[in-house]
Amino acid sequence: MPITFENVTHIYQSSGPLAATGIKNVNLTINDGDFVAIIGQTGSGKSTLVQHMNALLKPTAGVIHIGERAITPDSKNKHLKKLRQKVGMVFQFPEAQLFEDTVLKDICFGPQNFGASVTQAQATAREMLDLVKLPADIAEQSPFDLSGGQMRRVAIAGVLAARPQVLILDEPTAGLDPQAHTELMELFANLNRQGTTIILISHQMEDVAQYCNRVLIMENAQLIRSTTPQMLFNDQDFIIQHNLQVPEATAFAQELVQQGFQFESLPITEPQLVQQLRRQLGGING
Amino acid sequence: MDPIIELDQVSYTYENAAHPALQQVSLTVAAHQWVAIVGLNGSGKSTLAQILDGLLPIDTGTIKIGGQPLTTDNLWQMRQQIGMIFQNPDHQFVGATVEDDVAFGLENQGMPRDQMQQRVHWALEQVKMTAFAHKAPQTLSGGQKQRVAIAGVIALQPRIIIMDESTSMLDPTGREDILRIMQDLQQQLQITILSITHSMAEIVQADQIVILQAGQIIKTGTVEQIFSNLRNLTELGLQPPFTQQLQADLRAAGVPVTAQYHNKSRLIRELCQLRLKM
C-alpha cells in the first residue's frame with residue numbers, strides 16, 4: 001500500500017489568530033516494503049507529517065493517496081476504520097494508552113474494534129504476545145503491574161494485532177534500556193522483511209543507519225530532503241548546515257580522515273567501519 | 001573525600017510485590033562526584049532514587065546524607081539537600097510563568113521576597129533562560145523546559161541532584177545541552193550528581209558507575225574498570241561504548257590493535273601508527 005503526498009500543507013487552527021503551519025508543501029512517496037526514517041529537530045513537523053498517513057489529520061491543502069484512498073481537505077471522517085486497520089500508529093510513550101484490566105483484553109481491543117470475534121481476537125492477542133517476546137503467562141495480569149519496558153511491548157502488540165500493512169512508529173524506544181531497544185528494533189526489522197512498510201520517527205542516527213533504506217529530513221515544517229542514509233551521512237556540509245548528527249562510525253571515520261585516512265564512502269555502521277579498516281590496515285582476509 | 005551519601009544494607013519491597021525492589025543495597029558516594037546509575041528497566045534504579053529522597057520509606061538498613069542518618073523526623077530538612085529532575089519536565093511545572101515556576105520551591109521555604117527574586121534570577125542565569133522569565137512553560141521546547149526544571153532545583157541550592165532519565169525525552173541537541181549545563185553546574189557549585197540513565201554518551205563521562213540488577217548492586221567502578229571487559233554488558237543494561245566495541249571487533253578481524261582499554265583519541269592514534277607501518 002504505497003503512500004503519496006502531493007503538495008500537502010497542514011495549518012493548525014487555520015481560521016483563527018493562532019494559525020500555525022504544521023507542514024508546508026510536502027511531496028513524497030513511500031513504497032511498499034520501505035523502512036523509512038523521518039528525522040529533524042523537535043517541532044520540525046515530523047509528528048504532523050505522519051498523522052496524515054492514517055488520516056488522523058486531514059490536509060489543509062493538497063492530497064494524500066494511501067493505497068486506493070485519497071484524502072483531501074474535503075474528505076469526510078467516515079469509513080476510515082479500514083484505512084486505520086491497514087496503517088497502524090504507535091505514538092510516543094504508547095504505554096500511556098493502556099486501559100484494560102488485563103494484558104489480553106488490552107491487546108484484543110483493536111482486533112475486536114475492527115470486527116474480529118472474541119475468540120479470534122484472543123488467538124491473535126496471544127500470537128502478538130509471543131511476537132513481542134512477552135511471556136504467555138502475562139496475559140491475565142494487569143498491564144499496570146508490568147515494568148515500563150513490558151508495558152511498551154503490550155501497547156505495541158495492541159497495534160500489531162490489527163495486522164497493519166504500514167506501521168508508523170514515533171520514537172518507539174525512547175527511555176528503554178539498550179537490550180529492550182535492540183529487541184524492539186529487531187522486531188520491526190523482522191516485520192519489514194515479511195513485507196510490512198515501516199515509518200520510523202527517530203533521533204537515533206545509529207538506527208537510521210542500521211535499519212532504514214530511506215530517510216526524510218524535516219525542517220521548519222518542510223521536507224527538505226529525501227535520500228538514503230549512506231548519501232545523507234556522507235554529505236557533511238548538509239549535516240552541519242542543518243544541525244543534524246551522524247552515526248558514531250561516521251564521526252569516527254571523519255576523525256580518521258583528518259589524520260590522513262581515505263574512505264571511498266564514509267562508513268555509516270560499525271561493521272562497515274571495521275571492514276574498511278581491515279582492508280586498509282590488513283587483517284584476516286585483508 | 002568525605003562521603004556525602006552512605007547506604008548500608010538497604011532493602012525495600014513494594015506492597016504486594018513478590019520480590020524486593022531493592023535488596024541489601026550498600027553504596028558510598030564521595031562528595032562532588034558524578035555517579036551514573038545503570039541497569040535494565042525494572043532493576044530498581046528509580047526506587048533507589050526515591051528512597052534517597054525519602055519518598056519511599058525503607059524496610060531495613062540505614063541511609064546517611066552528609067553523615068547524618070535519614071529519619072522520619074529529619075526527612076523534610078534532609079530533603080532540602082537533594083534536588084530531583086525527572087524524565088518528563090511537563091510533569092513538574094506548577095507556575096504560570098517560568099519565573100513563578102522557579103520561585104515555587106523558594107516560596108515554600110518562606111524566603112523573603114527580595115532574596116527570592118535575586119535567587120530566581122541567579123538560577124535562570126545559570127541555565128541561560130533569563131530571556132524566558134516571563135514566558136509560559138508550555139510554550140518552551142523540551143530542552144528549554146528541562147532547563148527551567150533544573151533552575152527550579154538549583155534555586156534551592158541542594159548539595160545533591162538526582163537526575164532520573166532527565167535527558168531521555170530530548171532530541172540530541174537538547175540532550176547535549178542539558179548535560180553540558182549540568183557538568184558546568186557540578187563544577188561551579190560543587191554538587192554531587194546521581195544520574196539514572198541509559199545514555200552511553202553520559203555514562204562514559206561519569207566518575208563512578210553503579211550497576212543494578214534485580215534490586216541489587218552487582219558492580220561499581222570507574223568507566224575504565226567497567227568497560228575493560230565487554231562480555232555480559234547487555235544483560236546488565238549497558239552497551240559496550242563505541243570505541244571499545246570497535247577495538248574488539250578490529251582485533252577479531254585481525255587488525256593488530258592492542259587489547260588494553262583505549263579512549264577514542266588513543267585508538268585513533270594507534271590506528272594512525274598502524275597505517276604508517278603499512
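Analyst: The description below begins with the annotated domain and then turns to the sheet.

This is a predicted model, in which local features need pLDDT of at least 70, side-chain atom pairs count only at pLDDT 80 or more, and totals for chains, interfaces and linings use all residues. Residues are numbered from 1 along each chain as its sequence is written, while chains are lettered from A and ligands numbered from 1 in the order in which they are written.

For residues 5–239 of chain B, an unreviewed UniProt entry lists "domain: ABC transporter"; such annotations may be inferred rather than shown by experiment. That stretch is 33% helix and 24% strand, and its end C-alpha atoms lie 27 Å apart. Helices (H or I, at least four residues) and strands (E, at least two) are DSSP runs, numbered from the N terminus.

In chain B, six strands build an open sheet with mixed pairing, in the order S6-S7-S8-S3-S9-S10; two strands pair if DSSP finds at least two bridges between them. Strand S6 (82–85) and strand S10 (216–221) of chain B each have a single partner strand, so one side of each lacks a neighbour in the sheet. On average, neighbouring strands are turned by 20 degrees against each other, direction ignored.

Within the sheet, strand S3 (residues 34–38) and strand S9 (residues 208–213) of chain B run parallel and are joined by four bridges. B:Val38 stands opposite B:Ile211 of S9(B).

Helix H5 (residues 142–154) of chain B packs on the sheet, touching S6 and strand S7 (160–164) of chain B; contact requires C-beta atoms, placed from the backbone, within 7 Å. The direction of H5 makes about 170 degrees with that of S6(B), where axes are lines fitted to C-alpha atoms, for helices over the stretch in contact, and angles run from 0 to 180 degrees between N-to-C directions.

Technical notes: Contact = placed C-beta atoms within 7 Å.
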